[in-house]
Amino acid sequence: MAVVTTRATHRRAVARSRWRGPKVAPLFFLAPWLAGITLFFAYPLAMTVYLSFTSYTMLDRPEPVGLRNYVYMFTEDPRLWQAVGNTGWFIAVMVPAQVLFALGAALVLTRIKSGAGFFRTVFYLPSLAPPVAATVAFVFLFNPATGPVNQVLAAVGVEGPLWFSDPAWAKPGLVLLALWGSGNLIVILLAALLDVPAELHEAAAIDGASSRQRFVHVTLPSIAPVLLFAVVTGVIGALQYFTQAVVAGSVASGSADITPSAQSPGPPEGSTLTLPYWLFVQGFQRFNMGYACALAVMLFLVSLAFIAVLLRRRSGFAGSAA
Amino acid sequence: MKLSRPGFTVMFATFLSTAFLAVACTPGGADRDAPAPEQKGPVTITFWHPLKDPNEVKAVQGVLDKFHAAHPDITVKPVPAQDADKITQSIRGGNPPDAALSFNANSVGAWCSTGAFQDLGPWIERDKVDLEQIPAAVRAYTEFRGKRCTMPLLADTFALYYNKKLLAQAGYDKPPKTMSELAEMTKRLTKRSADGAIEVAGFVPFLGTYQSVAEHFTPSFGAKWLKPDGTANFAEDAAFSAMLNWQKGLVDWFGADKLTRFQAGLGDEWSAQHAFETGKIAMMVDGEWRTSFIKNNGGKVDYGTAPMPAADDRPDLYGAGAIGGNIIGVPKGAKHAEAGWKLVKFLSTDTAALVSFADALHNVPTTLAALRSPDLKLAKDPLFKPFLDVFAHPASSSLPATADGGAYLNNFGEFADKWQKGKVPDLAAGLKELARQNDSALKLGS
């Protein structure tokens, strides 16, 4: 009888705790996060989606226009596909280049025995430079007429390209800037490389694996999650690539500002016009914030798709690592 | 952890209500403002302006002191270095200044059409302000579709600068008056190194080099940017193709790649390293401010100024040029709108104030009375006089305002850049497509 009573009391207690717990306590503890995500993520996202269906100058009330912004985006915007192409170029070229360069630099740094700290610092230092200052300095270094880079090239008999004044060379110039500032990524990859268990390498060496085989079958699988992180953050960065593109284009064109002028956005010839740059021009210079929001929604969806695809492949990475 | 259904509902409801609350809180529509009641008693107002150089700030204070002497009950607190973006943000945030000055006349279309700047019409009517004292080209860029929400406060005019010494060496004693003469003189004045690189350019026709931009060439051809309905006029107005053909002919003579390299190596536009001052450019189009820059940085270049040459078939346009300038108005939500208007009216129409301000900043005064004032010291400067003449010329023109911040100019600039690099095979078809794209984008803001 006593046992039955205890069990009944326990069931009631459990029921009470079930009734209280999931409804109130978690929400209470989640409240700061909920408030944060509502204010700083859900609300701006909802507003962006809402405004993308309006004509909105940011100075008066938004006027609903249905799908007009999206129809214009896909059927009439003369600059959109150029901006998409440039952003796609940065994803396809700059991200792999940056990851490979950082990996190569990190591998070299792991082999340096004396002065390792000095060289690690040297590789990391450029990433401390503010993006605007670094870009301005790069444009001066790569000035086709007066810059030291072309002067060095001329000294060895090579006529240097026009760099940021040539649509074919502006984006490669920005890739060089990105490589120069890869310090953060180098440090992360260096940490991952130093974390690879030495015994795995020793076992592979005893089994007769060459250094190339050890790199492919031991090192790469071990650092795969970190490489995935580098690619995912790189892709997100490339999708949001703005500051360096704006500064390089405007400084090289001599305007040194991004206010409306006869200069087309993304000089030279739109070669540095990225999707966020076009969004900025539409929203803040042409007072088409409704259309800019439509562009932002598309950018968000594309980012989401990219990251989803990359993360779905994560299991493959993990499998090979096992 | 899975959230229970009530928990999810609470979250979703919070999310939706926040979103709808935000929608409800977005700025209200443009209201046509009636004149605010007359100010009673002393008041302090804020005045935002973009000037920041110590001499400029001093000049602003000087003219504000004059205003205070005329209106002892109004004290003005100036806030320097405020650009158009900051003004727009302050209006959006509901905390704007009582009067604001901006360099960016491109914003007039958006500011007027949305009511971000108050309609000055009722005040102008009440105070019987004579707008005829402002030249038509200046009136054009300070209003939008008949709504005057800003007044002009000093203007920039553009004319030809020429290096007397370099011209004399080439056997010229006068600046060119037609575009053919300009091209011919350019060729004789240009010097190249053994490898063909440009060492001295007679004139740089390459758009995007300093002030060599399309809108500073178009007045010489009589081109009109927009039709009366606000759509693009590039394809219909033959003056645009005439201008582009003239310009490309000269670019081709130099070589676009040579000009690109030359342009990239030029000194900073706002320093003593400007290529005109260092003798690397013999002639150029530039604003009146350059006279002051050269003087202030101790430049030794021996130069003259004259109106831009006119198209060969439009001699009537000789003497005209491009006009642009600063705008001043009363933002929506200004706490002391009536006092703000008094400041706007004083600064934009008071002859003595305009004359002293123009003399201090080396800009062109924006009323005909100030322009003809015997007190205007600038008028006695032979290097500055041509700019005043350009300003007063009836064929001088400015850029019309549009609701999208003058995107037509941007679109044309992009097209002209491709054109000058030989990437537009059919000019007429290209201009037609450009106009179509421009007009199609206009509906985004309608």
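Q: In which loop of chain B is B:Arg145 found?
A: This is a predicted model, in which local features need pLDDT of at least 70, side-chain atom pairs count only at pLDDT 80 or more, and totals for chains, interfaces and linings use all residues. Residues are numbered from 1 along each chain as its sequence is written, and chains are lettered from A, with ligands numbered from 1, in the order in which they are written. Strands here are DSSP runs of E with at least two residues, and helices are runs of H or I with at least four, numbered from the N terminus. B:Arg145 is found in the loop between strand E4 (143-144) and strand E5 (147-148) of chain B.

Q: Is B:Arg145 buried or exposed?
A: A residue is buried if 20 or more other C-beta atoms, placed from the backbone, lie within 10 Å of its own, exposed if 12 or fewer, and partly exposed in between. Because B:Arg145 has 11 other C-beta atoms within 10 Å, B:Arg145 is exposed.

Q: Is B:Leu154 buried or exposed?
A: B:Leu154 lies in strand E6 (residues 151-163) of chain B, and its phi is near 70°, a positive value in a residue other than glycine. Since 22 C-beta neighbours lie inside 10 Å, B:Leu154 counts as buried.

Q: What is the omega of the peptide bond that joins A:Pro267 and A:Pro268?
A: A:Pro268 is found in the loop between helix H12 (243-253) and H13 of chain A. The bond that joins A:Pro267 and A:Pro268 is a cis peptide bond, with omega about -5°.
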